Amino acid sequence: MTGKIDVRLDLNGHRTAVRALPTRRLSDLLRNELRLTGTKVGCDAGDCGACTVLLDGAPVCACLVPVAQVTGRSVTTVEGLSDGSLSRLQHAFLRHGAAQCGICTPGMLVAAAALLETTPRPTMAEAAQALGGVLCRCTGYRKILSAVCDSWRDPPPAAQPQAGCAIGTRLERLDGVPKVNGTDIFGADAWPENSLVVHAIRSRYHHAAFELGDIAAWHGARPGIVAIFSAADIPGRNRFGVIPPFADQPALAESVARFRGEAIVLIAGEPDAMATLDTTDFPIDWTVLPHTLEPQAALAAEAPRLHDDRPGNILIEGAVRRGDTQAALASSAHVAQGAVETPYGEHAYIEPEAGAAWLEDDTLVIQACTQAPYMDRDDTAALLDLPPDRVRIIPTATGGGFGSKLDISLQPLIGLVALKTGRPARMVYSRTDSMAATTKRHPAHMRARIATDDQGRITAMHFTGDFNTGPYASWGPTVANRVPVHASGPYCTPNYHATARAIHTNGAISGAFRGFGVPQATILQELLYDDLALANGLDRLEFRRRNAYRDGDVTVTGQTLRAGVGIGKCLDALAPHWTRALGDAEAANHRAGGEHRRGVGIASCWYGCGNTALPNPSTIKLGLTNAGDLILHQGATDIGQGSNTVITQICADALGLPISSFQLLGGDTAMTPDAGKTSASRQTYVSGKAAELAGRALRAAILRHANVTEAAVLALHGAVLTVADGGAARAIDLVSFEPDADGFVFRAEESYDPPTTPLDANGQGDPYAVYGYGAQMVELAVDVALGTVKLLKITAAHDLGRVINPTLAEGQIEGGIAQGIGLALMEEYIPGRTENLHDYLIPTIGDVPEIETILIEEPDPEGPFGAKGLGEHALIPTAPAILNAIKDATNARITTLPALPHRVRDAIVAARSKT
Amino acid sequence: MEYGRPTELDEALALLAGGRRTILAGGTDLYPAIAAAALPGDILDIGAIAGLRGIVEGAEAWRIGAGTTWTDLARATLPAAFNALKQAALEIGSVQIQNTATIVGNLCNASPAADGVPALLILDAQLELQSAEKTRHLPLKDFILGVRKTARRSNELVTAIVLPKRAVSGRSDFQKLGARRYLVISIAMVAARIAVEDDRISEAALAIGSCSAVAQRLSSLESDLVGRRIGPALAEHICAAAVATHVAPIADIRGSAEYRTHAAAELLRRAVANAAGTA
């Protein structure tokens, strides 16, 4: 037979009939035909499991199932797991914080439901086996395992904190229910009827000139293709970038493609035509040009220059200098030196970039996943030659970001199609496009020397790093500036000289990825600290405690840390675990011989929250309507980390009304003020502070109106606001008020910008107003014959200043650790080679060990209620702690990451040959 | 584009006689290879053919039908010689993949990293290929010719894997090496089947995958082991040099050639120890 067939199936208990191509992917039918978008697509290759559905009760990847094969069978999707209310499993996911961004959650839930059908009270091992085929990039899996194993329980009542008591509560995510019942709307989940489908043709070469051929003829032969656009069609300035002075990236390349994956041409067409479109014969004449993929090659005199105004292919160099480093190194008792190389890292969020664009009157509306709606608006407006207020960004739920969804991706592309054709346009990046075209963690080549006196005190550090920033600037300048500020670690380093260069190559674009280069630099610093501890005859934890910053210390940038320095407490908290772990490892190594060696490693982090020595404001608005609705304009984009919940908890306690009174309005740029980007571990601190100020301001306005003291207690019942002060209570009937243009009768809008100072030529100044601290300890076993590493336990102590939500904080730590495990042991992006999730490996549920989290509260005087940022901190210590534990176990020093089995094995052999 | 989903084998063979078609079973290798929402070209979907799914013990041989999934195999009650294959079944992709992917599909896809091949090589697996004209049998080692290349003719369907009972003896073990726990392409994997009589190895079958274009049996090492007393001393006979005579690993992102050879020898030592019951 040819053409479509009748498919009859039992779908979530309903007999369903549909006509479809027999080999159409079931996932595509469910989402695009039946509009059951709870089933997510992350890879179309069976690598991520996000599309898991039950076929006759057995979990399968819907992306690999032809619809013809489901005829006469039953299919259960996430929408079919519960009937209106939530199942115990879904409740358990909420209670345990098992859903962060929520993009993997449907797949996890469906796979778990199959397990629970036969095994209602599974062990952790049984749960891991059942969920091994679903990837999660946010949670580190531990809370998912806990939720599945605890799902037999009837849900206890959820926390409902009283007014003023929200902070510190294990509140379930306020945006959690749609994430567990499949109704949350991500970038690919909503589009206007009649939308065109947009596809980009991209460069297959690292560097090539091109000319477009007879496009009109190609177009003419393909009915259903509506429009084809190239750089010449872009009405505005075809240069964008997250840091405006460095904006250098075209939305569509103009005559030269500078990296593999760069968009050249857009094709927009009707869905049916696009579904089977073959672009292999699209007329482009390519002339391949010489390329460089490594900074060393790019620095060579004969290397092709990527940008005329950037000699030597050097984008920027950042430096911090303090004291006399050379003299101190020369005169110190002990010096350790070394070099470390790290590869490109891919964010591998399970949601590829996706969104839709349409025109509303003369406004271009773009609804897409993002970390930075206002930056999207401004960059897109400039590219399309529109005033910013004629571009409206509506952020969808974002299925993971980790830094890469700070940069615009498809926003200008679908915007251009909508603008030029007048029709709505939608685009979903394939996994390959997502991996090839969007930013990466900077590969780093780093060298350092660190010295101590004969008392084990750090005297000096010299650090140089070359960071491969790829063809366009993106966040290269930020990495070059952040790394020198942080490369000392949270340790007193009186003499210090650190430089970091961002160097252009034709590799993938490097941008922001959880830590802006600091995780790479910390690997080298913490490796050398182990060497120095050994040289000084000191226990490795004791060596770190001896050098850790304390209140009143002066940092490498000359900033005096007046209060809130929590690294000492973090290390102290690990001490008993450290002693226990060293004993366990020694005993195990004594017992076993031969193939498996146990080891323990430790590393620390510090990390400045917010932009480095640059303005970084957030604005939060809230108001009370005359109907008694308390509306929080929550513009701090929640990409899974929990800002919807945390910002509300802070605001609620500042205002003095319970969480249950709040209604949230998202980061729609037409409705909500700019709360800045979700980046640099800044939302809890910066937007949280703005939320605190706004909450207090609203409270003050109400108290002023009621003419009562600060001690007054507020309560909201329907449209009646009660203000009780001492024995007297006054009821304010909101209905009687005349609302303002926003519908508010009481309102507040407050901004907060961290007090920082610019860095001088030597990198001296106060680049951040708040720092967060942490330390982690890793226990592992190395199979010395094979070079494989089995993680046994990670103990993480992090100073949050004030814990706003312990469940979400643990989730950030566990998720950061999982990414740190990937960085240490398996992740290596190679342009053109690992553009999928089976060659680019991220940790699975079987790769993250038990994690014990210790939350430390050393309040910061600047943060809201003392709080500090956490998002990036959690990833930084993990990789160096793992590498130090491998060294402890085997004496093998890994200096080229990731520590794949063959590299570990080689290092073990090398270490043996030295002894 | 034509799609056929016959319910009878004869019908399927007739369709194949009519011209080249992509054969669709579990789909787990076909869909990852395309970007589109539907498979292109002419398709023969064998999922509805009666009698193609299942594992049957015959008088002379065991027979694994072409529709049999890895989950079917993992759940079947089988002799200890199948242990390696059952262990492999649980390491293929994920539960989701195992539920739809077929064992025969794993062979027809002819990936050097196919986890099913070593475990079937040690069982002297033969493939039953049927066309409208005739049925023929090919040893597995002669079926997979190279990377993504098999001896199947375009008018043929692989209808079953046939495992002669003389090879279904002793106990087997499978060892897989990857850079993460689940859903991982093997750096190397091995299967070993050992039969023991009076504390001595009476029969040895060893195979290595992911270390050459096609997984290999290690015939000389097998003969070297036969007659040896089981025990820790066996390990010294299974060295990288012995392995290197049979395989030619490549260096790639997952490991160097030297490492693969070394690791394969180590995996073999462990598999032999497990299969011989001396681990």
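1. The model is predicted. Within it, A227(A) has A268(A), a residue of β10(A), as its bridge partner.

2. Strand β8 (residues 225-229) of chain A is largely enclosed by the rest of the structure, because 4 of its 5 residues are buried.

3. A further region to examine is an open sheet of 4 strands in chain A. Its strand order is β24-β23-β22-β28, and the pairing is mixed. The edge positions are held by β24 (662-665) and β28 (744-752) of chain A; each has a single partner strand, so one side of each lacks a neighbour in the sheet. From one strand to the next, the twist averages 20 degrees.

4. Within this sheet, strand β22 (residues 618-625) of chain A runs antiparallel to β28(A), and 8 bridges join the two.

5. Two helices of chain A deserve attention here. Helix α18 (residues 643-655) of chain A packs on the sheet and touches β22, β23 (630-633) and β24 of chain A. The direction of α18 makes about 135 degrees with that of β24(A). Helix α19 (residues 683-706) of chain A also packs on the sheet, where it touches β22, β23 and β28 of chain A. The direction of α19 makes about 145 degrees with that of β28(A).

6. As for chain A overall, its secondary structure amounts to 22 helices and 31 strands. The C-alpha trace spans about 80 × 75 × 60 Å along its principal axes. A compact globule of 915 residues would have a radius of gyration near 29 Å, and the 27 Å of chain A agrees with this. Of the 915 residues in chain A, 66% are buried. Among contacts in chain A between residues at least 6 apart in sequence, 77% join residues at least 24 apart.

7. The final point concerns a contact between chains. The axes of helix α22 (residues 901-914) of chain A and helix α10 (residues 257-276) of chain B come within 10 Å and cross at roughly 85 degrees. The two helices are therefore roughly perpendicular. On the side of α22(A), the contact is made by P901(A), H902(A), R905(A) and D906(A); on the side of α10(B), by E258(B), Y259(B) and H262(B). By class, these comprise 2 nonpolar, 2 polar and 3 charged residues.

Conventions:
Residues are numbered from 1 along each chain as its sequence is written. Chains are lettered from A and ligands numbered from 1 in the order in which they are written. This is a predicted model: local features need pLDDT of at least 70, side-chain atom pairs count only at pLDDT 80 or more; totals for chains, interfaces and linings use all residues. Side-chain values use heavy atoms; hydrogens and water are left out. Axes are lines fitted to C-alpha atoms, for helices over the stretch in contact, and angles run from 0 to 180 degrees between N-to-C directions. Angles under 35 degrees count as roughly parallel, over 145 as roughly antiparallel, 65 to 115 as roughly perpendicular and the rest as oblique. Contact means heavy atoms within 4.5 Å. Ala, Val, Leu, Ile, Met, Phe, Trp, Tyr, Cys and Pro count as nonpolar, Asp, Glu, Lys and Arg as charged, and the others, Gly among them, as polar. Buried means under 20% relative accessible area, exposed over 50%, partly exposed in between (1.4 Å probe, protein chains only). Two strands pair if DSSP finds at least two bridges between them. The radius of gyration is taken over C-alpha atoms; the globule rule is 2.2 Å times the number of residues to the power 0.38.
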